[in-house]
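Subject: Structure for you to look at

Hello,

Here is the structure I promised to pass on. Please look through it first, then read the notes below.

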Amino acid sequence: MARKRSLEQTHGGFHTGAVPSTSTPTACPACGETPAVAKGEKRHQVLEAHLEQHKPGTPCAREHRRDAAPAWRLDFDAIVRGNPNIWFCSECGFFAPVG
Ligand SMILES: [Zn+2]
Ligand SMILES: [Zn+2]
């Protein structure tokens, strides 16, 4: 009998899921803003939604081993560390510089 796989996504050893945690910062590491958290909302989810605006508009231009379209993924570890480079390429792991 096959066990159900966890929905938590990991890719190449990177954490890609938002982790509810007391260490989740309230301020955006990229712009320093503190998005308001409404009642019933989770702090890390509000921050994750805010961070979408910092996602690079163009896909990673580096060479990839696979033909799959690269996607930008959030590194919540970087957020917790206050690192402004939070979006990494799903194919090569390259972090996009946040401008
Ligand atoms: Zn921001
Ligand atoms: Zn890439």
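The protein chain has 2 helices and 4 strands, in the order β-β-α-β-α-β along the sequence. Helices (H or I, at least four residues) and strands (E, at least two) are DSSP runs, numbered from the N terminus.

This is a predicted model, in which local features need pLDDT of at least 70 and side-chain atom pairs count only at pLDDT 80 or more, while totals for chains, interfaces and linings use all residues. Residues are numbered from 1 along each chain as its sequence is written, and chains are lettered from A and ligands numbered from 1 in the order in which they are written.

Confidence

The predictor's confidence in each residue is given as pLDDT, from 0 to 100. Its mean over the protein chain is 82, and 76% of the residues reach 70 or more. Strand β4 has the highest confidence, at a mean of 95, and strand β1 (residues 10-11) the lowest, at 47. Over residues 6-11 pLDDT stays under 50, and the model has 8 contacts beyond four places in sequence for them. Two residues are in contact if their C-beta atoms, placed from the backbone, lie within 7 Å.

Burial and the core

A residue is called buried if 20 or more other C-beta atoms lie within 10 Å of its own, exposed if 12 or fewer, and partly exposed in between, with C-beta atoms placed from the backbone. Of the 99 residues in the protein chain, 12% are buried. Among contacts between residues at least 6 apart in sequence, 47% join residues at least 24 apart.

Helix α1 (residues 43-51) has H44, L47 and L51 as its buried residues. These lie on the same side of α1, because they cover an arc of only 60° around the axis; the arc is that of the directions from the helix axis to the C-beta atoms. An α-helix has 3.6 residues a turn, so residues three or four places apart point the same way. Strand β3 (72-74) is included in what covers the buried residues of α1.

The largest nonpolar core has 8 residues: L47, L51, L74, F76, I79, I86, W87 and F88. At least two residues of this core come from each of α1, α2 (76-81) and β4. A nonpolar core here is a set of buried Ala, Val, Leu, Ile, Met, Phe, Trp, Tyr and Cys residues joined through C-beta atoms within 7 Å.

Start with W87, in strand β4. Is W87 buried or exposed? W87 is buried, because 22 other C-beta atoms lie within 10 Å. Leaving aside neighbours within four places in sequence, W87 is in contact with H54, K55, P56, W72, R73, L74, F95 and A96. W87 and A71 are 16 residues apart in sequence, with 9.4 Å between their C-alpha atoms.

C89 is also in strand β4. With 19 other C-beta atoms within 10 Å, C89 is partly exposed. Not counting residues up to four places away in sequence, C89 touches C60, R62, P70, W72 and F94.

F95 sits in the segment after β4 (87-89). F95 is partly exposed, with 16 other C-beta atoms within 10 Å. Beyond four places in sequence, F95 touches N85, W87 and F88. From F95 to D75, 20 residues apart in sequence, the C-alpha to C-alpha distance is 9.2 Å.

Regards
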